[in-house]
Amino acid sequence: MALQTVWFALWGLLWAVYFMLDGFDFGAGILYPFLGRSEEDKSAIRRAIGPVWDGNEVWLITAGGATFAAFPSAYALMFSYLYCALLVILFALIFRGVALEFRAKGTSAAWRRNWDVAFFLGSLLPAVLFGIAFGNIFRGLPFDSFGYHGTLISLLNPYALWTGVLFVLLFLVHGALWILLQTSGGLEERALRAVRSYWPFLFAAAVVFLVWTVPATTLEENYFLHPYWLIVPLLAVISLISIGIWVAQRKPRSAFFASCCTIFFVIFTGIIGLYPDLIPSRLDPASSLTVFNASSSPYTLKIMTVVALAFMPVVIGYQVWVYRVFRHKTEQREASEASPY
Amino acid sequence: MDVLSLSRLQFAVTAAFHFIFVPLTLGLSLLVAFMETRYVQTGDTMYLRMTQFWGRLFLINFVLGVVTGITMEFQFGMNWAEYSRYVGDIFGAPLAIEATAAFFLESTFIGLWVFGWNRVSKKVHAMSIWLVAIATNLSALWILLANGWMQRPVGFALRNGRAEMTDFGALVFNRFAWVTFAHTVLSGYVLAAFFVMGVSAYHLLRNAEVPLFRSSFRMAAAFGLMGAILVAGTGDLSAVQVAKYQPAKLAALESFWETRSAAPFTLFVWPDSRNERNALELLRIPKALSLMAFHEGDAEVKGLRDFPRDKRPPVLPVFLSFRLMVGLCLLLILLALIGFIKGVRGRLERSPGYLRIMLWSIPLSYIAVQLGWLVTEMGRQPWIVYGLMRTSDGVSPSLRPSQVVASLIGFTLVYGLLAAVDIYLLVKYSKRGPDDDLSGILKSSRAKEA
């Protein structure tokens, strides 16, 4: 297999893992004003993602860095074409992180209220905008050999907006399941109810998305060409159904696992459909950025492959270990004694 | 203004802002790691309270360094698309490695450190802050290897319409980058040391928590003195690299116009760029510039007039920043030395005048490191990659000025707000002093040990 193809798969993997991990942070942030009724509940939600959000966000930085290193032309065009959208994502991520860190450091009601709003918007906006961005990438961007012909408004087309809705629902269910796993008492109950009420909407949104993808994009061509890849969207649907079943059986751990799989397979449904394009052009297919015309030199790809093989297993190893350290629910007593949040 | 000037201004603003937080993270992570190690070794709860007090200030600063760092990575593609396309084959690699080898380590273990007091043993907890400190310094290495390549491009060939990497080893062992790395992280240590000394001075002046802050001050004074001396030493090595690979920058640093051998160093200078000379020159030290730049008294130093005007950096700001930075560095060495001696002799609490000076010296180290970056980056102009690509050729072709005006206004507002909140919180928690009640942590860590 060509190294370009390997890096395309890795590129997809980095995004999929990023959404799988930071997705529950976003979901928890969106649910925060609705599930967090008391100060204790709010603090419990912040603590549920407190130890891990920063490590999760690095998957985004790595996805960005890997795009730069492996597909520099795609990185350059994608980031400059989507300038305004990325800017809003940046500001949102800045406020999300700062809100989590600073909220507990002031005492006035206004201070808390403002950082609560920042945490909510800082979680909602990236969820929607990443969805819109990926919807547009799946659909193709309006550029040709003369440059980019799109506007901010043209990014807000119905299919991309729907992808935004899908992302939000995916993360809502994912975040609610994470809260369910990490908290206890009334909050745990409310999180369970949230999963149950959002799941049907997620299911409907996902089905509409899969069906709509056929006329809106050219992603389906790869699946006609190589039908065995249909296993991936199929697995996405199976995982999605499993969430519902496992929640009904009160098996939150399994349901959360299924939710991870759902996000993973939804992203890969798109990624497989894109190949060999990284960013298809809507105007002129010959101008599309593919893994071959946008990639780094074979030498650089080889170096990066060695780096990835050397470091990623270690990274995954210690991240799994830290997740295991924090796998038990935080008890109220322990929280009040030594928690910074 | 056009997209180019706006993008340059935006990059300068966001990089300078990011670099308010990074140096403190670099140095304070190590100091907090020392403190916690002392606690683990001695079991003395004073060191635990110290760790917690400085750790809290560290975290306020740390998060801003993290979130403003994402901006930097995104901006290469957003505003400098042509640069990214042209050099991405070689420049992207160190950025990706930085994320993989350093950011993951840093961000994963900071979470464990903050939330793990009750979850892991004392030793594992101390290990996690050491990993954060190591990772932070590692990330500085990789980003400076990337920057070092822009300063002195190595290990590449021009083909397929771009710069392609041909020798990864040359990129990694770029001497220019390693010298800059040492100089930069050491200046971060100095900044953190002055931060700790300044805040400690505040409490010592009030006779509050004297043993804890005396001990913090002494630790920081030793660290800061060592750092400041090494900053000067690596600065000298840096000058040699600049002289060798960036002769126009060297000439601008000294506002040196006429090429000559055995070049003197002039103590007081005022550049007059329009007439390509100095309006004022006072107190010459013969051969000193040749000595500093090439470690050889008779070496020839190329003057600015021998570079076409469109290949010179802006002289006045580069020159002034450099002079001021060097002056501040010497002052900081002196202050740290006095603090070190007073600390050893046990005279700190009886030197209110000195403590007051130290409290107000905190901004000096911040100014010095900012000037250092200004010198490095502005001195590289008009090149984005020295001698290879002009800054004006690197900007994104698809951008419109209105977009960059909007983003620049956005960054100014958001960053202004963050700066205000940061200063408010740092002052608040610095003044509050260490917590008394550590019963929760002590109880559960005892349970873990047992």
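Is B:Ala262 buried, exposed or partly exposed, and how many other C-beta atoms lie within 10 Å? B:Ala262 is partly exposed, because 16 other C-beta atoms lie within 10 Å. On this scale a residue is buried if 20 or more other C-beta atoms lie within 10 Å of its own, exposed if 12 or fewer, and partly exposed in between, with C-beta atoms placed from the backbone. B:Ala262 sits in the loop between β3 (260-261) and β4 (265-272) of chain B. Its phi is near 50°, a positive value in a residue other than glycine.

The structure is a predicted model, in which local features need pLDDT of at least 70 and side-chain atom pairs count only at pLDDT 80 or more, while totals for chains, interfaces and linings use all residues. Residues are numbered from 1 along each chain as its sequence is written, and chains are lettered from A and ligands numbered from 1 in the order in which they are written.

Chain B contains 14 helices and eight strands. Helices (H or I, at least four residues) and strands (E, at least two) are DSSP runs, numbered from the N terminus. The radius of gyration of chain B is 23 Å, close to the 22 Å that the globule rule gives for 450 residues, so chain B is as compact as a globular protein of that length. The radius is taken over C-alpha atoms, and the globule rule is 2.2 Å times the number of residues to the power 0.38. The C-alpha trace of chain B spans about 70 × 50 × 40 Å along its principal axes. Of the 450 residues, 53% count as buried. Among contacts in chain B with a separation of 6 or more, 78% are between residues 24 or more positions apart; two residues are in contact if their C-beta atoms, placed from the backbone, lie within 7 Å.

Chain A has 14 helices and four strands. Its radius of gyration is 20 Å, which agrees with the value near 20 Å of a compact globule with 341 residues. Along the principal axes, the C-alpha atoms of chain A fill a box of roughly 60 × 40 × 40 Å. Buried residues make up 57% of the chain.

Within chain B, strand β1 (residues 156-159) pairs with strand β2 (residues 162-165) in the antiparallel sense over four bridges. Two strands pair if DSSP finds at least two bridges between them. The bridge partner of B:Ala157 is B:Glu164 in β2(B). Two residues lie between the strands of this hairpin, where B:Asn160 takes a positive phi near 50°.

Helix α1 (residues 3-42) and helix α12 (residues 362-378) of chain B pack at an angle of about 130°, with their axes 10 Å apart. Axes are lines fitted to C-alpha atoms, for helices over the stretch in contact, and angles run from 0 to 180 degrees between N-to-C directions. α1(B) and α12(B) are therefore oblique to each other. Angles under 35 degrees count as roughly parallel, over 145 as roughly antiparallel, 65 to 115 as roughly perpendicular and the rest as oblique. In this pair, B:Ala16, B:Phe19, B:Ile20 and B:Pro23 of α1(B) meet B:Tyr366, B:Val369, B:Gln370 and B:Trp373 of α12(B).

Between the chains, 56 residues of chain B are in contact with 58 residues of chain A. The helix α3(B) gives the most to the side of chain B that touches chain A, with 22 residues. Helix α4 (residues 72-81) of chain A also meets α2(B): their axes come within 6 Å and cross at roughly 90°. That makes α4(A) roughly perpendicular to α2(B). Residues A:Tyr75, A:Ala76, A:Met78, A:Phe79 and A:Ser80 in α4(A) meet B:Phe74, B:Gly77 and B:Met78 in α2(B). Helix α4(A) is mostly covered, with ten of its ten residues buried.

Most residues other than glycine have a negative phi, and most peptide bonds are trans. A cis peptide bond, with omega about 0°, joins A:Tyr275 and A:Pro276. A:Pro276 is in the loop between α12 (252-274) and β3 (277-279) of chain A. Another cis peptide bond joins B:Gln381 and B:Pro382, with omega about 5°. A:Arg250 has a positive phi near 55°, and counts as exposed because 10 C-beta neighbours lie inside 10 Å.
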